[in-house]
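Dear colleague,

Please find the structure below, handed over for your own work. My notes on it follow.

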Amino acid sequence: MKIAVIGTGAMGSIYAARFSKAGHDVIAIDVWQDHVDYINKNGLLIEGPDGQIIAKKIRASTNISDVKGCDFYIIATKAMKLEESIKNLKDQVKLNSPIITIQNGLGAGNIISKYMPKNNIILGVAEGFGASLKAPGRIIHTANKQIRLGSISKKTRENELQNIVSAWRSGGLKTEIYENIEQLIWEKLLCNVTLSGPCSIFRCNVKELFNKKEYWTFALNCMQEAYAVGLAKGIPFSFDDPIDYVTDFAKRVGSAKPSMLQDFEAKKQTEISFINGAIPPLAAEFKISTPFNNNVCKIIHDAEKRFR
């Protein structure tokens with residue numbers, strides 16, 4: 001298959017490398033010229049749970065028009081770059097082209113559906129998937145549990161989804177189709193709301209957040225606000241105790257640093273508006289108070305203004 005990956009940070013690079021090693025024709029689009037040049041000259045080097053992968057047959061470009069004629073398109077940018085990416089992509093692809101994105105937080109489906117038909121939009125959740133970009137062309141892949149994909153429309157053809165999942169599996173990525181992808185997105189959101197914003201404002205990793213009582217209590221309050229909104233929206237959570245759920249997740253990731261904290265420490269724009277910041281506007285519809293998430297957002301937004 002011919003596959004386009006738009007945004008080759010840590011996650012996008014792993015997808016591109018694994019698809020390429022599986023024999024697919026991969027075009028990688030990124031704005032970082034040094035990264036693009038390195039990929040074209042040396043390939044992508046992934047050091048991960050399955051050993052070292054070197055993918056030398058990827059064609060990389062900074063020009064979005066190079067993606068025409070692909071079987072499907074993966075947008076692997078940060079959430080705040082998603083709308084810009086789909087705006088640039090929409091004129092290069094056919095309206096029936098499958099668009100896949102795996103994002104942190106909420107809103108990806110709504111953003112893409114402003115520009116593309118809903119029955120071709122596939123969202124995903126990456127579980128236990130740790131990665132970081134260390135240098136142009138070099139990625140550290142620390143964990144690889146599973147990826148679950150699902151369409152936001154019931155009109156998506158089953159065989160089309162199966163073909164896409166087969167391509168992911170061919171790259172050695174455990175991938176499943178999930179009928180209610182919104183449920184999974186919300187369940188991951190609870191974990192992200194608990195860890196991403198709080199770790200960033202307290203400038204600590206997950207283990208440090210969990211081990212300091214006042215930090216962890218604050219983080220759980222952020223989560224409980226999000227959980228209340230999810231229940232109000234009718235999200236069918238797969239668990240009855242959200243505290244147990246996010247606590248188990250925090251224990252499993254140990255001393256990991258959320259990507260938001262990594263961006264915050266690097267003085268980059270974060271995904272706060274799509275994670276903790278997604279909760280207050282939704283909560284207002286149900287008259288649910290969100291003081292903890294409001295506080296997290298204010299601290300991070302104020303800091304981001306100083307980064308510019």
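This is a predicted model: local features need pLDDT of at least 70, side-chain atom pairs count only at pLDDT 80 or more; totals for chains, interfaces and linings use all residues.

Nonpolar cores. The largest nonpolar core has 67 residues, and within it Tyr 73 and Leu 89 touch the most other members. Helix H6, which covers residues 181–202, gives the most to this core, with eleven residues. A second, separate core holds 35 residues, among them Ile 58, Ile 102, Ala 126 and Phe 129. In general, nonpolar side chains in soluble globular proteins tend to be buried together.

The surroundings of Tyr 73 may interest you. Leaving aside residues up to four places away in sequence, Tyr 73 touches Ala 4, Ile 6, Val 67, Lys 68, Leu 89, Gln 92, Val 93, Ser 97, Pro 98, Ile 99 and Ile 100.

Cysteines. How many disulfides does the model contain? The count comes to zero. For a disulfide, two cysteine sulfur atoms must lie within 2.5 Å. The cysteine sulfur closest to that of Cys 199 belongs to Cys 204, and because the two are 4.5 Å apart, they are too far from each other for a bond. Cys 199 is buried, with a relative accessible area of 0%. Cys 70 is buried as well, at 9%.

Pro 136. This residue sits in the loop between strand S8 (121–135) and strand S9 (138–151). Pro 136 is partly exposed, its relative accessible area being 26%. Apart from residues up to four places away in sequence, Pro 136 touches Trp 32, Asp 34, His 35 and Tyr 38. Asn 104, by contrast, is 32 residues from Pro 136 in sequence and 23 Å from it in space, C-alpha to C-alpha.

Positive phi. Two residues deserve a look when you check the backbone. Arg 203, in the loop between H6 and helix H7 (206–211), has a phi near 55 degrees, a positive value in a residue other than glycine. With a relative accessibility of 51%, Arg 203 counts as exposed. Lys 287 lies in the loop between helix H11 (279–285) and helix H12 (291–307). The phi of Lys 287 is also positive, at about 55 degrees, although this residue is not a glycine. Lys 287 counts as exposed, at 78% relative accessibility.

With kind regards

Conventions:
Residues are numbered from 1 along each chain as its sequence is written. Side-chain values use heavy atoms; hydrogens and water are left out. Buried means under 20% relative accessible area, exposed over 50%, partly exposed in between (1.4 Å probe, protein chains only). Helices (H or I, at least four residues) and strands (E, at least two) are DSSP runs, numbered from the N terminus. Contact means heavy atoms within 4.5 Å. A nonpolar core is a set of buried Ala, Val, Leu, Ile, Met, Phe, Trp, Tyr and Cys residues joined through side-chain atoms within 4.5 Å.
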